[in-house]
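Biologist: Please take a close look at one part of this model and then relate that part to the rest.

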Amino acid sequence: LKMQFRLQKAELKQALSNVSKSVAIKSSIKALEGVLITISQGQATLTAYDLLEGITTVISSEGMDEGKFILQPRLLIAIIAKLPTEDINFMVEENAMTI
């Protein structure tokens, strides 16, 4: 898996804030402690689910690549809050992400 895409900081921050309400705090299923981000056809779909409720938010993205991955929302919110630019470039390769 290798993909590059760009998201707007304000949209991403709001979307993460919305979906993180359904992230499981502690779970034996580690995937429930993160947000699934799916990049496809000019959209980023963020989904969180804690086995009781799920929340999905869709925002626009730039880039031709498609794929999906899971991230910890609190960590990503903390990182993007410190970035000075409004457009954030991401590159995902294997098990690593560059912001």
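In which loop is leucine 51 found?

Modeller: Leucine 51 sits in the loop between S3 and strand S4 (54-60); strands (E, at least two residues) and helices (H or I, at least four) are DSSP runs numbered from the N terminus. The model is predicted, so local features need pLDDT of at least 70 and side-chain atom pairs pLDDT 80 or more, while totals for chains, interfaces and linings use all residues. Residues are numbered from 1 along each chain as its sequence is written, and side-chain values use heavy atoms, without hydrogens and water.

Leucine 51 has 52% relative accessibility and therefore counts as exposed (over 50%; buried is under 20%, partly exposed in between, with a 1.4 Å probe and protein chains only). Ile29, Tyr49 and Leu51 make a nonpolar surface patch of about 290 Å² (nonpolar side chains joined within 5 Å, each residue over 30% relative accessible area and without a salt bridge, that is, a Lys or Arg side-chain nitrogen within 4 Å of an Asp or Glu carboxyl oxygen).

Phenylalanine 5 is in strand S1 and phenylalanine 90 in strand S6, so the pair ties together parts 85 residues apart in sequence.

Methods:
Patch = residues over 30% accessible without salt bridge, like charges linked within 9 Å, V, L, I, M, F, W, Y side chains within 5 Å. Areas by Shrake-Rupley, 256 points an atom, 1.4 Å probe, with all protein chains shown as cover.
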